[in-house]
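Please read it alongside the sequence and the coordinates shown here.

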Amino acid sequence: MVFKGFILLFSSIYFTAAFAQDDYVLESDNSKTTEINKAIFNKPNPDYTSYFTTPTAYTLTKRDFRLASNDILFFKASYGLTNNTTISLNISAFSSLVGSIKQNIKRNENVSVSITASIGDLTSGLEDTTVLFTGGSGQATIGDHQNNVTIGTGIYYINSSVEMINEESEFFFHTINAGFQKQLSKNIYLMIDGLYFTNYNILTGGAGFKFVIKTKYSINAGLMPIFWNNIRSTRYDFTSGVIPFFSARMLIERKD
């Protein structure tokens, strides 16, 4: 029961961090390629949609797919319904199943703003446990998909059939997030992001490097801190710490 409580807590933190991790390509009316999509070092970035755990404000181009796997435990598939609307499905090794929709509401050469709504069950494959997850967030990104800075906020609701945080089974998260990405060379990027849960004093995120492979793939490797103060996931306390973070991501472009 203790292990299950910790897994549910970690899953809820991860999915809160991951929601809004949607994808981005800027497009003109007549072409998928605009000046902002031209990479420095003459190589585009295939994973311009998020940092380690937090999102940018960008959405996928129409008909494009994005696939992502984080720490071999969490998986995400996204599809561009239109140039401004992306739908995503998140699953995990813990039987989570959560869907989201992201809408871009402002876009120009240097600034993009979007909102995201999500809903699902963090334990959809378990008969004796239900963890309803729902909420929304907003993001603003300054820059292009090579070098950018993002700030955002969100609010999420969890209703669980088991105790998760401070022996509570029903609670809200309010989050503030920020992310930074810098292209260091043709194939290497520096990424740093953070996510703070204001009402529970939880801080997580990631710091490390992205390695671009060919034109469709990227590998992200770094460290993910999880720090909390005075919260309990069950009747036992768990120690804060830092864990390795690894992800593999792929962009599938479907040109008209």
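The count comes to 9 aromatic pairs, where rings of Phe, Tyr and Trp (its six-membered ring) pair if their centres lie within 6.5 Å, with planes under 30 degrees apart counted as stacked, over 60 as edge-to-face and the rest as tilted. Phe133 and Tyr156 are stacked, because their ring centres are 5.5 Å apart and their planes are at 25°. The model is predicted, so local features need pLDDT of at least 70 and side-chain atom pairs count only at pLDDT 80 or more, while totals for chains, interfaces and linings use all residues. Residues are numbered from 1 along each chain as its sequence is written, and side-chain values use heavy atoms, with hydrogens and water left out.

**Aromatic and charge contacts**

- Phe133 belongs to strand 6 (residues 131-143) and Tyr156 to strand 7, so that this pair links distant parts of the chain, 23 residues apart; strands (E, at least two residues) are DSSP runs, numbered from the N terminus.
- Both Phe133 and Tyr156 are buried, a term that means under 20% relative accessible area, with exposed meaning over 50% and partly exposed in between (1.4 Å probe, protein chains only).
- Tyr157 and Phe172 form a tilted pair, 5.1 Å centre to centre with 45° between the planes.
- Tyr157 lies in strand 7 and Phe172 in strand 8, so this pair ties together parts that are 15 residues apart in sequence.
- Tyr157 is buried, with a relative accessible area of 18%, whereas Phe172 is partly exposed at 48%.
- One aromatic cluster is formed by Phe171, Phe173, Phe197 and Tyr200.
- The charged end of Lys210 sits over the ring of Tyr189, 4.9 Å from its centre; this requires NZ of Lys or CZ of Arg within 6 Å of the ring centre and within 35 degrees of the ring normal.

**Strand 8 and its neighbours**

- Strand 7 (residues 148-160) pairs with strand 8 in the antiparallel sense over 12 bridges, pairing being assigned if DSSP finds at least two bridges between two strands.
- The bridge partner of Thr150 in strand 8 is Gly179.
- Strand 8 also runs antiparallel to strand 9 (residues 188-197), joined by 9 bridges, and Lys182 stands opposite Leu190 in strand 9.
- A hairpin of 4 residues joins strand 8 to strand 9.
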